[in-house]
Amino acid sequence: MKQFFTIALLSILSFHLVAQDTQVSPDRALDLFKQGNYEEALPMYQQLIERYDRDAKYNYYLGVCLVEQKQHLSEAIKRLKFALSRRINKDVHFYLGKAYQKTYEFELAKKEFENFLKYATNNDLRRIQAQKAVNDCQTAGSLINKHFSIQVVDKDTIADQQILSMYNLPEDAGSLLRNKSFFKTGVPPENIMYRTEKGDDVYFVMEEPDTTLHDIYFMERLLDRWSGSKNLGEPVNSDYDDRHPFLMVDGTTFFFSSDRPGGMGGMDIYRTIFDPVSDSFSEPENLGVPFNSPDDDYLFAADPFGERAWFSTNRGVIPGQIIVVKIVWDSSVIKNLTTDINQIRDIANLPLSEGNFWEDQIEKEQKEKNGSQEDKTEQFQFYINDTLIYTNYDHFHSDVARAEFKRGQKVDMQKDSLEQLMRNKREQYAQSYNQEELSRLMDEILELEKTVYGHDDQVKRHYIRARQMEIDKISELKAKGIYNSYKTTSSSSTSVKTDSPSSSLKSAGYIFYSTEEFQVRKERLMPVYKRYFAPGQIQVLQQTDSMYTWANILQLEASKLLESSVTSTEEDENQSLLDKVRNIDSLKKSEEENPEPVSQQAREMQHQALSMYHDALDKKFNIYKPVIEQLAENSGTGKWDNLLAEAQSRFEQANNGIDKMMTWNPERYEQLGGLKRQAIEMIEETFLNHQTGDNATIASSDNNRSAGKRTATEVKTKPTTKSSQTKIPEVNNATEMAQAAFQKTEKKAESTQPVYKIQIGVFRNTPDPEALAKIPEISSQPVPGKDITRYYSGQWKTYSEAARFIEKVRSSGFPGAFVVAFLDGEKIPVERAKKLSGE
């Protein structure tokens with residue numbers, strides 16, 4: 001019995017000692033709380049509240065710890081409300097306001113913050129936070145009325161220092177990196193910067209003097225150095241913290257994060273659009289839910305080609321951690337009206353999208369990595385010719401053509417951004433009654449219209465060049481016998497954006513048109529068409545001749561509309577702004593009947609006419625070029641080589657001029673079209689003269705003639721050698737003609753006469769147009785595999801002729817210019833060229 005009593009006593013003592021070891025010290029918990037170590041204090045107060053659930057102080061301390069650690073906010077609100085009812089601490093208003101704000105109860109949050117401000121002293125640092133929170137709650141209430149619908153395909157919780165490892169941007173979308181990997185000194189080393197896809201522009205942040213706030217800066221690469229840093233200024237930068245720059249590949253849409261007033265709380269993601277006309281940014285737009293929340297949201301980056309984007313947030317995670325969210329970034333990202341606050345809470349939690357989208361993406365990327373040759377998702381439709389359509393970047397054989405095509409897509413995206421900016425300004429114009437503002441907005445809208453129209457033509461130029469480069473590459477591969485057509489595809493899908501060589505005519509809905517001018521041109525050129533071209537090509541050539549007539553008609557109609565708009569404007573000038581406002585109903589009725597101003601209709605009609613004019617000339621040249629190349633191979637005189645070089649030089653000069661047009665200039669566009677027209681007329685005159693004077697033999701493509709037979713127009717005026725009798729095979733359709741154009745003879749007749757040019761330099765961007773205007777005509781040659789171009793001036797038969805112009809070229813702004821020589825289109829040493837030309 002005594003032994004049993006001893007054992008029982010020892011058990012009771014042991015239990016008491018264990019209970020003492022596991023018991024939480026309230027004093028230790030309070031010390032941690034006062035030090036701001038909420039992470040360690042939180043589990044202590046969770047244990048204490050289990051034993052003392054009705055203790056008002058413990059409820060207050062636990063509620064504050066939960067808010068600061070962003071954990072279980074609904075429980076935090078319950079604990080803080082209980083503490084408030086016991087009037088334990090006035091500070092409860094501040095933390096209850098934060099809890100309501102983070103759960104999207106903005107009206108309740110605003111009320112609690114205002115209560116806190118009634119007694120908070122001026123030296124209380126939380127006073128500034130509360131004042132900002134009141135403003136944020138007020139604006140957030142309107143921001144949550146709409147939300148973006150997004151597909152979240154992945155999200156990872158990581159340490160904030162690992163953020164860049166989760167952003168898998170491809171090279172053609174630019175790169176995100178730490179400042180220390182680019183700058184040696186002078187900037188915060190760990191801050192994140194953005195470098196554009198070409199590597200010639202960087203956007204980064206620097207701390208403002210005597211503050212912990214940041215502004216966004218910009219630097220660009222010059223020929224031999226980097227420019228100085230330039231502060232982007234307002235409205236991108238503010239008196240608050242502005243960070244995390246990212247520029248879309250369109251070159252105009254700019255994202256950044258800021259904690260400026262007008263957000264939802266913490267850092268928010270903003271979007272602004274750069275206006276090249278005014279050289280300024282539009283007023284930044286808060287992206288709202290679900291991109292932004294009352295916590296910190298930042299570092300938005302997108303890959304529009306891969307239709308994916310990323311952003312980061314620290315909502316719902318403990319300090320030191322972040323969530324990197326990956327979403328689908330395509331046309332499905334649109335704004336919708338919000339039904340209630342619960343919908344906002346659900347969306348803000350960023351739930352993963354239903355289905356196996358992410359798994360499909362991983363499987364697709366794995367197949368591509370393993371070299372799978374299965375058909376890829378159709379990304380676009382790009383017509384190389386009538387039978388060859390590319391739907392994926394990998395279909396391109398030429399790297400240079402692919403890069404040129406992407407440049408066209410980039411300009412197209414930039415145009416879309418500018419159109420959005422133009423719509424925004426039109427909305428501002430419709431809502432404004434201030435005469436000064438109306439005048440300013442009208443000028444800006446007109447300038448933007450010119451810029452957008454100019455982008456249309458830049459897109460076309462890029463696509464035309466890409467198409468021609470790809471055709472040249474296919475021709476080269478066929479000549480070598482290594483052309484593999486598995487990389488190409490033919491598609492009949494019509495649900496995606498297309499770029500057909502004849503799309504502009506089809507989309508306009510014009511019928512085949514004939515006038516006296518057309519009939520004269522047809523009678524003059526039809527013998528040439530029948531002799532050199534297939535029936536399908538003849539149809540296109542006649543269509544282009546008809547397009548000239550249509551262009552003239554549209555120009556006349558545009559002129560009449562402009563004249564009528566001037567008359568209407570003169571009448572309206574006598575009417576005051578007050579009269580216009582009084583007659584607003586009649587104005588609205590007039591707008592409904594005719595939604596587009598007459599002057600705008602005229603400008604659009606003029607733009608369409610000139611675009612049609614250029615399209616017709618481009619189509620003709622693309623059909624003429626293969627035949628001229630074939631004639632050049634069959635003839636040893638060099639006449640056709642010189643013709644093609646001269647015509648191509650004029651087309652290049654015109655296209656370069658179009659690329660340099662930052663805004664729509666119809667007069668300049670018409671002048672550049674005249675250069676192309678000169679080249680086409682020069683070719684057609686040569687064709688007409690060749691009808692009876694040249695010894696080359698061309699097979700007719702008339703449907704009534706069988707393959708292999710000679711036509712009545714195949715006249716030989718003098719004996720020909722075996723080599724000169726090589727002829728283009730007779731064809732009966734456009735496909736055979738295209739294949740025949742690719743079939744080059746194994747041995748080309750070499751010219752013994754070199755051509756001299758002056759190389760003015762190698763440039764990434766087009767040289768100064770004013771300097772180019774002072775020197776002989778310009779030609780250019782892209783450097784394969786690089787985003788740079790060699791530019792040349794003039795063309796001479798002897799070195800001495802070229803040398804006479806050297807000083808003029810150098811004094812015009814190209815001090816490094818020098819003479820180069822070509823033989824059969826290939827660059828050769830100048831000394832060798834001198835020997836060949838007998839100098």
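L350 counts as buried at 3% relative accessibility, where buried means under 20% relative accessible area, exposed over 50% and partly exposed in between, with a 1.4 Å probe and protein chains only. L350 lies in the loop between α9 (341–348) and α10 (357–369), and its phi is positive, at about 55 degrees, although L350 is not a glycine. Helices (H or I, at least four residues) and strands (E, at least two) are DSSP runs, numbered from the N terminus.

This is a predicted model, in which local features need pLDDT of at least 70 and side-chain atom pairs count only at pLDDT 80 or more, while totals for chains, interfaces and linings use all residues. Residues are numbered from 1 along each chain as its sequence is written, and side-chain values use heavy atoms, with hydrogens and water left out.

## Other backbone features

L299, found in strand β13, also has a positive phi, of about 50 degrees, although it is not a glycine; L299 is buried, with a relative accessible area of 0%. A cis peptide bond with omega of about 5 degrees joins E234 and P235, and P235 has its place in the loop between β7 (230–231) and β8 (242–247). The peptide bond from V289 to P290 is cis as well, with omega near 0 degrees, and P290 is placed in the loop between β12 and β13 (297–303). Most residues other than glycine have a negative phi, and most peptide bonds are trans.

## The chain and its nonpolar cores

The protein chain holds 25 helices and 24 strands, and buried residues make up 46% of its 839 residues. Among contacts (heavy atoms within 4.5 Å) between residues at least 6 apart in sequence, 63% join residues at least 24 apart.

A nonpolar core is a set of buried Ala, Val, Leu, Ile, Met, Phe, Trp, Tyr and Cys residues joined through side-chain atoms within 4.5 Å. The largest such core has 63 residues, of which L176, F254, F291, F300, I327, W329 and F382 touch the most other members. Apart from it lies another core, of 46 residues, among them I77, F113, I344 and A348.

## Packing of α5 and α6

The axes of helix α5 (residues 73–85) and helix α6 (residues 92–102) come within 10 Å and cross at roughly 155 degrees, where axes are lines fitted to C-alpha atoms, for helices over the stretch in contact, and angles run from 0 to 180 degrees between N-to-C directions. That makes α5 roughly antiparallel to α6, since angles over 145 degrees count as roughly antiparallel, under 35 as roughly parallel, 65 to 115 as roughly perpendicular and the rest as oblique. The residues making this contact include L73, I77 and L80 of α5 and V92, Y95 and L96 of α6.

## Surroundings of N286

N286 lies in strand β12 (residues 285–286) and, at 7% relative accessibility, counts as buried. Its side chain makes polar contacts with the side chains of D268 (3.0 Å) and N292 (2.8 Å); a polar contact is a pair of N or O atoms within 3.5 Å, and within protein one must be able to donate a hydrogen and the other to accept it, while residues adjacent in sequence count only if both atoms are side-chain atoms. Leaving aside neighbours within four places in sequence, the residues in contact with N286 include L143, G262 and Y270.
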